[in-house]
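Please have the structure open as you read.

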Amino acid sequence: AGADGAPGYLAFHCAEPDARAIITSAEMEANRLYFAYRLAASDAGKVTLAVRRHGERGFRSVWTREGRQGDGWLSESIELQDAATCDAPGPVQLRMVVNCGSTATGHEISFDRMALVRECGRARSVDLTLSGSVGR
């Protein structure tokens, strides 16, 4: 079950040690990301979220977790760009890199309740569209 007890969440199943998955979103106008995550295995691996603002050359890391983070779901909120740019935040791209641990066969790294929003007084949800690759 997902973070709210309902079925359906994004899960990375580590079928091979040191496997890696990279997911990159389309450009979206947002300044904050909300999500829940779970890294419950002792060698759960490492997850990095990075952001690239329109016109920038590369992605910069904004959040990283490595190893066991407990048994339950944890919630996060990440500022993707300064809220001062609220009126015209400009497009951003989000990249998620999941690296399975060296003995992580059968482990799962999970995400749920992902929402990219532009916060200016009241929140406005933005569609989250992901595309990516899986490989070693």
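R38 sits over the face of Y9, 5.7 Å from the ring centre; a charge counts as over a ring if NZ of Lys or CZ of Arg is within 6 Å of the ring centre and within 35 degrees of the ring normal. This is a predicted model, where local features need pLDDT of at least 70, side-chain atom pairs count only at pLDDT 80 or more, and totals for chains, interfaces and linings use all residues. Residues are numbered from 1 along each chain as its sequence is written, and side-chain values use heavy atoms, with hydrogens and water left out.

Now to the rings. The structure holds six aromatic pairs (centres of Phe, Tyr or six-membered Trp rings within 6.5 Å; planes under 30 degrees apart are stacked, over 60 edge-to-face, the rest tilted). Two of them involve F35:

| Pair | Centre to centre | Angle between planes | Type |
|---|---|---|---|
| F35 and W63 | 5.1 Å | 90° | edge-to-face |
| F35 and F111 | 5.9 Å | 45° | tilted |

F35 belongs to strand β4 (residues 32-39) and W63 to strand β6 (residues 60-66), so their pair ties together parts 28 residues apart in sequence. Strands here are DSSP runs of E, at least two residues, numbered from the N terminus. The partner F111 is in strand β9 (residues 107-120), 76 residues from F35. Both F35 and W63 are buried (under 20% relative accessible area, 1.4 Å probe, protein chains only), and F111 is buried too. One aromatic cluster is formed by F12, F35, Y37, W63 and F111.

W63 also touches T48, a residue of strand β5 (residues 46-53). T48 is buried, at 17% relative accessible area. Leaving aside residues up to four places away in sequence, T48 has contacts (heavy atoms within 4.5 Å) with S61, W63, T64, R95, M96 and V97.

How values were computed. Helices (H or I, at least four residues) and strands (E, at least two) are DSSP runs, numbered from the N terminus. Buried means under 20% relative accessible area, exposed over 50%, partly exposed in between (1.4 Å probe, protein chains only).
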